[in-house]
Amino acid sequence: MTSNLELLRMLYGCAHTLRAGGKYRGQGRLLNLLREHGAMTQKELVELTDRRSATLSEQLESMERAGFLTRQKNQKDQRSLVVALTPEGKAAAAEAHAEWLRRAEAFEGLSQEEKETLAVLLSKVSEAGRARQTGKGDASD
């Protein structure tokens, strides 16, 4: 019988394998979101990424220094910032997207039924983890 700790090790191993070697490590998801959705407020990015505002702000600052994006006052609401890709950021986003597609090839060995089963199981694990973080989960679950 497989224990919870063994499953956790396997999940971390898969995550590590899928994330290893990326050129835009930690930035790829943000680059892809901005590529897909276009300019958006920092608050919208916080909601899409489920990251703390301070954490996201630090990451955006680093990406801004690298020339990948700009953050400017929102014309509609001066209290918020609009985040947009620069031409360099668009090129980096295209590379990050290509890398994302290459990583997705890891699932090509699964049948459609296996992919659907995996999606259901990963959703359950994710929901349980979120519930525990917010204090809504029961340790005996």
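This is a predicted model: local features need pLDDT of at least 70, side-chain atom pairs count only at pLDDT 80 or more; totals for chains, interfaces and linings use all residues.
Residues are numbered from 1 along each chain as its sequence is written, and side-chain values use heavy atoms, with hydrogens and water left out. Local features need pLDDT of at least 70 and side-chain atom pairs count only at pLDDT 80 or more, whereas totals for chains, interfaces and linings use all residues.

**Stop 1: a surface patch**

Select Leu5, Leu8, Leu11, Tyr12, Leu122 and Val125, which form a nonpolar patch on the surface with about 580 Å² of accessible area together. Patch members have over 30% relative accessible area and no salt bridge, and nonpolar side chains (Val, Leu, Ile, Met, Phe, Trp, Tyr) are joined within 5 Å. Areas come from the Shrake-Rupley method with a 1.4 Å probe, and for residues only the protein chains shown count as cover. Helices α1 (4-19) and α6 (112-133) each supply at least two residues of the patch, and α1 gives the most, with 4 residues. Helices here are DSSP runs (H or I, at least four residues), numbered from the N terminus.

Leucine 5 is in α1. Leucine 5 counts as exposed because its relative accessibility is 54%; buried means under 20%, exposed over 50%, and partly exposed in between.

**Stop 2: two crossing helices**

Next, select α2 (residues 28-37) and α3 (residues 42-49), whose axes come within 11 Å and cross at roughly 115 degrees. Axes are lines fitted to C-alpha atoms, for helices over the stretch in contact, and angles run from 0 to 180 degrees between N-to-C directions. The contact (heavy atoms within 4.5 Å) is made by Arg29, Leu30, Leu33, Leu34 and His37 of α2 and by Leu45, Leu48 and Thr49 of α3.

**Stop 3: glutamine 59**

Move to helix α4 (residues 53-65), where glutamine 59 is placed. Glutamine 59 has 17% relative accessibility and therefore counts as buried. Leaving out residues up to four places away in sequence, glutamine 59 touches Gly26, Gln27, Leu30 and Arg51.

**Stop 4: salt bridges**

A salt bridge is a side-chain nitrogen of Lys or Arg within 4 Å of a carboxyl oxygen of Asp or Glu, and by this rule the count is 6. Select arginine 79 and aspartate 77, whose side chains meet in one at 3.0 Å, N to O. Arginine 79 counts as exposed, at 77%, and aspartate 77 as partly exposed, at 25%.

Finally, select glutamate 99 and arginine 102 in helix α5 (residues 87-104), which lie 3 residues apart, about one turn of the helix. Their closest N and O atoms are 2.8 Å apart in a salt bridge. Salt bridges with shared partners join Glu99, Arg102 and Arg103 into one network.

Note on methods. Patches are made of residues with over 30% relative accessible area and no salt bridge: like charges are joined within 9 Å, nonpolar side chains (Val, Leu, Ile, Met, Phe, Trp, Tyr) within 5 Å. Buried means under 20% relative accessible area, exposed over 50%, partly exposed in between (1.4 Å probe, protein chains only).
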